[in-house]
Amino acid sequence: SGNPVAVATGSDGQVLTSAGAGAVPSFETPASAANTPAFLVTRSSAQTISNNTWTKVDWNNEIVDTNTAFASGKFVVASGAAGLYWFNATMSMSSITADDKVDLAFYVNGGRNESARFNNYASADGQESHPGVTATLNLAEADYVEVYVVQNTGGNIDVNANQAQFSGFKLIT
C-alpha cells in the first residue's frame, strides 16, 4: 500500500529477507552464512619421504578445525555438509638435485585426484622445492581428502619442519 512499516531488529549475522509483495520483510539467518567447516593444519617437525613412493603427509599440528572435521591426517565431510570445498596444500623440501621432482597431490577417498596435482622440477643441484596445490572439489557426505607427496631424488628427503600446511573450507553457494 506504500505505507511505512516497522521492521523488527535482527541480530548479528542475519540478513533482511523479503517475504514477497505486500508483506513485511524480516531478518533471517541464511542457511549457508559461513565458510564452515574450515581447517588449517601444519607440520611442526620434519617428515621423511622415501624415493619414488607416494607418501601421506602426517599433519601433526592442528591450528583451526571449526567442526572437528579434521582427524587422522584427513578432512572428512560431515553429515549435512556436502558441497563445494576449496583446498590448499604447500610444503618445502631441501636438497633437490637437477631434473628431480617433487609431486604434491590431493587424494579423495583414497585415490589420487589427477586434476589436483602439482609437479615441481629442480633446475640445479641443491635447490629447495616449494610445491603447492589448490583445488575446488565437489564432495559428498563421508568423502575425505588427504595430501600425498612423492619425490625422485634417489634417496630419502624430508618435508621441512614448520614449512608445510594444509587448509580448506566449504564455499558458500
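Analyst: A nonpolar core is a set of buried Ala, Val, Leu, Ile, Met, Phe, Trp, Tyr and Cys residues joined through side-chain atoms within 4.5 Å. The model is predicted, so local features need pLDDT of at least 70 and side-chain atom pairs pLDDT 80 or more, while totals for chains, interfaces and linings use all residues. Residues are numbered from 1 along each chain as its sequence is written, and side-chain values use heavy atoms, without hydrogens and water.

User: Which residues touch the most other members of the largest nonpolar core?

Analyst: They are F87, M93, F106 and F166, in a core of 32 residues. Strand β14 (132-139) supplies the largest share, four residues. Strands here are DSSP runs of E with at least two residues, numbered from the N terminus.

User: Why is S167 called buried?

Analyst: Buried means under 20% relative accessible area, exposed over 50%, and partly exposed in between (1.4 Å probe, protein chains only). S167 has a relative accessible area of 12%, and is therefore buried. This residue lies in strand β17 (residues 165-170). Beyond four places in sequence, S167 touches F39, L40, W86, F87 and N88, where contact means heavy atoms within 4.5 Å.

User: Which strands are the edges of the open sheet?

Analyst: The order is β6-β3-β17-β9-β14, with antiparallel pairing. Strands β6 (61-65) and β14 are the edges, as each pairs on one side only.

Note on methods
Pairing = 2+ DSSP bridges.
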